[in-house]
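Reader: I am new to this structure and would like to know what stands behind the words used for it. Please take the terms one at a time.

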Amino acid sequence: MCANRRAGTARFNKTPVVLLGLAVAFSLSGDVTIYAVLPVYYHTLGFSPIQVGLLLSANRWVRLISNQVARRVLERAQVPRVFAVVLSAGAAATLIYAAAPPFLVFLGARMLWGVCWSFIRHTGVMTSIASGPRRYAAGVLGVYNGVVQLGFIGGTLAGALLFDAFGYSTAFVAAALVSLTAVPLDFAGFRRLPPAGSAARDDRPAEPVRDPMMLLRGFITACVGTGLIISTLGFTLRTRFGSSIELGALVVGITTLNGFLIALNYVINSAGSPPLGFAIDRVGRRTAEVIAFAAGGAALAAAAFFLASPLLIPAVVLFFVATVVCKLALISQAGVNGSKSFARLMTASDLGAATGPLIGWMAIERAGSPDVVFAVGGVLYLIATISAAVKQRRP
């Protein structure tokens with residue numbers, strides 16, 4: 001069995017997956033620049049804080065509808081051409097940002113990007129998973145996700161640096177040009193895919209699993225990870241440690257520590273996804289989910305207990321690692337189940353990412369303490385652990 005797994009992994013051609021991952025990574029340039037720039041520049045644009053919140057979340061809310069639209073279109077159309085069109089439309093949305101338009105126009109551009117992302121994400125994930133044997137789906141997805149995360153890391157840093165050096169409009173024009181480089185990568189990736197019926201595509205026994213609770217776990221993973229923890233981490237650190245923290249002989253500013261931890265989350269996603277994906281394939285997606293949700297829940301419980309201690313930091317890092325495993329296991333299984341299953345999981349995940357910050361900040365407002373965020377997250381991960389442990393049925 002181990003020899004077969006190594007042989008299958010060796011036959012997996014990473015080139016098209018890497019090229020498609022790079023296309024998706026470059027397409028993110030405008031979106032990640034928004035998150036780096038808008039919170040510090042919104043006054044100059046004439047926006048209120050609530051308008052900033054709407055702009056940063058609109059792309060997620062619209063995907064609750066556009067995910068299924070993307071699935072239906074991509075099942076019937078020539079995927080490389082549709083991919084090129086939505087990549088170009090995403091770059092166009094970034095050019096609209098560069099013009100510093102009125103709020104409603106800006107909101108429309110954010111919604112346009114949300115629709116584009118539904119198509120981009122669906123194409124990237126489903127094409128990558130289909131490029132190799134299904135029993136290595138998590139490993140294939142890990143390679144793809146590792147490359148895509150470079151877009152979050154590089155795009156955020158580059159957008160912030162360009163903004164500081166050259167100003168608002170130049171930063172977004174540059175981001176739009178970077179986004180357009182995704183188009184040739186799109187066609188290059190599809191040209192290198194193994195032909196239909198080749199050994200790379202045929203060597204994959206059917207492994208669909210009927211698991212109605214998968215959508216709940218997809219919601220919980222995004223709600224707790226992207227929503228509850230990331231959106232409130234800076235508040236938690238400042239509440240418990242003040243403006244700085246002593247780590248041995250080193251004194252670190254809390255804002256710097258918060259930025260480092262969020263960046264570390266992206267790094268774990270990027271560098272950790274390939275080895276974690278192949279590890280998931282070895283132990284099985286269901287087993288990996290149970291272990292990861294249990295570990296993530298334990299990490300959140302430890303974070304709540306050690307909230308005023310530097311041990312909070314390794315607990316949060318362990319949670320980040322566990323969440324990567326949860327995402328890879330869930331998304332790879334949904335991809336194996338088919339296009340419809342994947343689109344539904346992404347909709348549940350988008351709903352979780354959109355509602356997570358609301359739940360977190362409402363909990364803080366009511367309790368007046370950040371420990372409630374970790375407690376709520378821990379309970380949700382416990383529910384997900386139980387859900388993943390329930391025996392699944394094949395359709």
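Reader: Which residues is Ser387 in contact with, leaving aside its neighbours within four places in sequence?

Author: Ser387 is in contact with Met213 and Arg217. Please keep in mind that this is a predicted model.

Reader: Why is Ser387 called buried?

Author: Buried means under 20% relative accessible area. Ser387 has 7% relative accessibility, so Ser387 counts as buried. Ser387 is found in helix α16, residues 371–389. Between Ser387 and Glu289 there are 9.6 Å in space, C-alpha to C-alpha, and the two are 98 residues apart in sequence.

Reader: Where is Met213, and why is Met213 called partly exposed?

Author: Met213 is in the loop between α10 (199–202) and α11 (214–241). The C-alpha atom of Met213 is separated by 16 Å from that of Ala292, 79 residues away along the chain.

Reader: What makes Glu289 and Arg217 a salt bridge?

Author: The term asks for a side-chain nitrogen of Lys or Arg within 4 Å of a carboxyl oxygen of Asp or Glu. In the pair of Glu289 and Arg217, the closest N and O atoms are 2.5 Å apart, so the term applies. Glu289 lies in helix α13 (residues 285–305) and Arg217 in helix α11, so the pair ties together parts that are 72 residues apart in sequence. Both Glu289 and Arg217 are buried.

Reader: How many salt bridges does a search of the whole structure find?

Author: The search finds five salt bridges. One of the pairs is Arg110 with Asp31, where the closest N and O atoms are 2.8 Å apart. Arg110 lies in helix α6 and Asp31 in helix α3 (residues 29–45), so this pair ties together parts that are 79 residues apart in sequence. Arg110 and Asp31 are both buried.

Reader: How do you know that the side chains of Asp350 and Arg63 meet in a salt bridge?

Author: The N to O distance for Asp350 and Arg63 is 2.9 Å, and the cut-off is 4 Å, so the pair qualifies. Asp350 lies in helix α15 and Arg63 in helix α4, so the pair ties together parts that are 287 residues apart in sequence. Arg63, Arg121 and Asp350 are linked in a network of salt bridges.

Reader: Are Asp350 and Arg63 buried or exposed?

Author: Asp350 has 3% relative accessibility and therefore counts as buried. Arg63 has a relative accessible area of 6%, so Arg63 is buried.

Reader: What does Ser118 touch, and why is Ser118 called buried?

Author: Not counting residues up to four places away in sequence, Ser118 touches Arg63, Ser66, Asn67 and Ala70. The relative accessible area of Ser118 is 2%, so Ser118 is buried. Ser118 is found in helix α6, which spans residues 103–130.

Reader: Which residues gather in the patch of positive charge on the surface?

Author: The patch holds Arg72, Arg76, Lys340 and Arg344.

Reader: Why is Arg76 called exposed?

Author: Exposed means over 50% relative accessible area. Arg76 has 67% relative accessibility and so counts as exposed. Arg76 lies in helix α4.

Reader: What makes the nonpolar surface patch, and which element gives the most to it?

Author: Trp61, Leu351, Leu358 and Met362 make this patch of about 380 Å². Helix α15 gives the most, with three residues.

Reader: Why is Leu358 called partly exposed?

Author: The relative accessible area of Leu358 is 48%, so Leu358 is partly exposed. Leu358 is found in helix α15.

Reader: What phi does Ala100 have?

Author: Ala100 has a positive phi of about 50°, although it is not a glycine. Most residues other than glycine have a negative phi. Ala100 lies in the loop between α5 (79–98) and α6. With a relative accessible area of 35%, Ala100 is partly exposed.

Technical notes. Residues numbered from 1 in each chain as written. Predicted model: local features only at pLDDT ≥ 70, side-chain atom pairs only at ≥ 80, totals over all residues. Heavy atoms only, no water. Patch = residues over 30% accessible without salt bridge, like charges linked within 9 Å, V, L, I, M, F, W, Y side chains within 5 Å. Areas by Shrake-Rupley, 256 points an atom, 1.4 Å probe, with all protein chains shown as cover. Lys, Arg positive; Asp, Glu negative; His and termini not counted. Charge placed at Lys NZ, Arg CZ, Asp CG, Glu CD. Helix = DSSP H or I, 4+ residues; strand = E, 2+ residues; numbered from the N terminus. Buried < 20%, exposed > 50% of the residue type's maximum accessible area, 1.4 Å probe, protein only. Contact = heavy atoms within 4.5 Å.
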